[in-house]
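Subject: Structure handover

Hello,

Here is the structure you asked for. Please open it beside the notes below.

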Amino acid sequence: GTTTKPRTRTRQKSDTKVARPPLWKVILLNDDYTPREFVVQVLKAVFRLNESQAYRVMMTAHQKGACVIAVYTRDVAETKAKEATDLGKMNGYPLYFTTEREE
Ligand code: NFA
């Protein structure tokens with residue numbers, strides 16, 4: 001006879017979960033040689049920080065050894081860390097940015 005197609009229940013809006021990608025921190029490490037003003041310029045150029053944000057991040061790394069700049073998806077975090085580190089290298093400085101997965 002006539003067959004009917006099994007039908008799963010309509011998904012309710014209340015069942016919907018949006019997947020958020022893991023976030024990665026970009027961290028500025030202190031060193032003894034890179035000029036403070038150069039660090040500030042790199043933070044403004046690569047991470048789009050304004051002058052006061054960049055100055056505070058630079059001084060925190062200077063005083064504490066490291067400072068989280070911002071969080072991004074893994075690809076963006078790794079690309080920005082490399083671009084910023086390369087800007088230091090191109091200018092003869094040991095400036096270093098690393099990435100770390102957020103908990
Ligand atoms: N410590 C560096 C100096 O005294 C400045 C600096 C800050 C370098 C933050 C790297 C990161 N010139």
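A nitrogen atom of the ligand sits 2.9 Å from a polar backbone atom of Thr-34. Asn-30 places a side-chain N or O atom 2.8 Å from a nitrogen atom of the ligand. His-62 brings a polar side-chain atom to 2.9 Å from a ligand nitrogen. On its own, the ligand would expose 330 Å², and the protein buries 88% of that. (A polar contact is a pair of N or O atoms within 3.5 Å; within protein, one must be able to donate a hydrogen and the other to accept it, and residues adjacent in sequence count only if both atoms are side-chain atoms. Accessible areas use the Shrake-Rupley method with a 1.4 Å probe; for residues, only the protein chains shown count as cover.)

Please note that this is a predicted model: local features need pLDDT of at least 70, side-chain atom pairs count only at pLDDT 80 or more, and totals for chains, interfaces and linings use all residues. Numbering starts from 1 along each chain as its sequence is written, and side-chain values use heavy atoms, with hydrogens and water left out.

The ligand shell

Which residues are around the ligand? They are Leu-28, Leu-29, Asn-30, Asp-31, Thr-34, Arg-36, Val-39, Met-58, Ala-61 and His-62. (Near means that a heavy atom of the residue lies within 4 Å of the molecule or strand.) By class, the shell has five nonpolar, three polar and two charged residues. (Nonpolar covers Ala, Val, Leu, Ile, Met, Phe, Trp, Tyr, Cys and Pro; charged covers Asp, Glu, Lys and Arg; the others, Gly among them, are polar.) Strand 1 (24-29), helix 1 (36-47) and helix 2 (51-64) each supply at least two shell residues. Helix 2 gives the most, with three.

The fold

The protein has three helices and three strands. From the N terminus, the order is β-α-α-β-α-β. (Elements are DSSP runs numbered from the N terminus: helices are H or I with at least four residues, strands are E with at least two.) Of the 103 residues in the protein, 30% are buried. (Buried means under 20% relative accessible area, exposed over 50%, partly exposed in between, with a 1.4 Å probe and protein chains only.)

Salt bridges

How many salt bridges does a search of the whole structure find? The search gives four. (A salt bridge is a side-chain nitrogen of Lys or Arg within 4 Å of a carboxyl oxygen of Asp or Glu.) Three of them are worth a look on screen.

- Glu-100 and Lys-25 meet at 3.1 Å, N to O. Glu-100 is in strand 3 (residues 96-101) and Lys-25 in strand 1, so the pair ties together parts 75 residues apart in sequence. Glu-100 is partly exposed at 39% relative accessibility. Lys-25 counts as buried, because its value is 18%.
- Lys-44 and Glu-51 meet at 2.5 Å, N to O. Lys-44 is partly exposed at 28%, and Glu-51 is partly exposed at 38%.
- Asp-86 pairs with Lys-82, with the closest N and O atoms 2.7 Å apart. Both lie in helix 3 (residues 74-90), four residues apart, about one turn of the helix. Asp-86 is partly exposed at 25%. Lys-82 is exposed at 55%.

Around the loop between helix 1 and helix 2

Arg-48 lies in this loop. Arg-48 has a positive phi of about 60°, although it is not a glycine. Most residues other than glycine have a negative phi. Arg-48 is exposed, at 68% relative accessibility.

Ser-52 is in helix 2. A polar contact of 3.1 Å joins its side chain to that of Asn-50. Ser-52 is partly exposed, with a relative accessible area of 43%. Ser-52 and Val-40 are 12 residues apart in sequence, and their C-alpha atoms are 9.1 Å apart.

A nonpolar surface patch

Leu-23, Val-68 and Val-71 make a nonpolar surface patch of about 200 Å². (Patch residues have over 30% relative accessible area and no salt bridge; like charges are joined within 9 Å, and nonpolar side chains, meaning Val, Leu, Ile, Met, Phe, Trp and Tyr, within 5 Å.) Leu-23 lies in the segment before strand 1. Leu-23 counts as partly exposed, at 33% relative accessibility.

Best wishes
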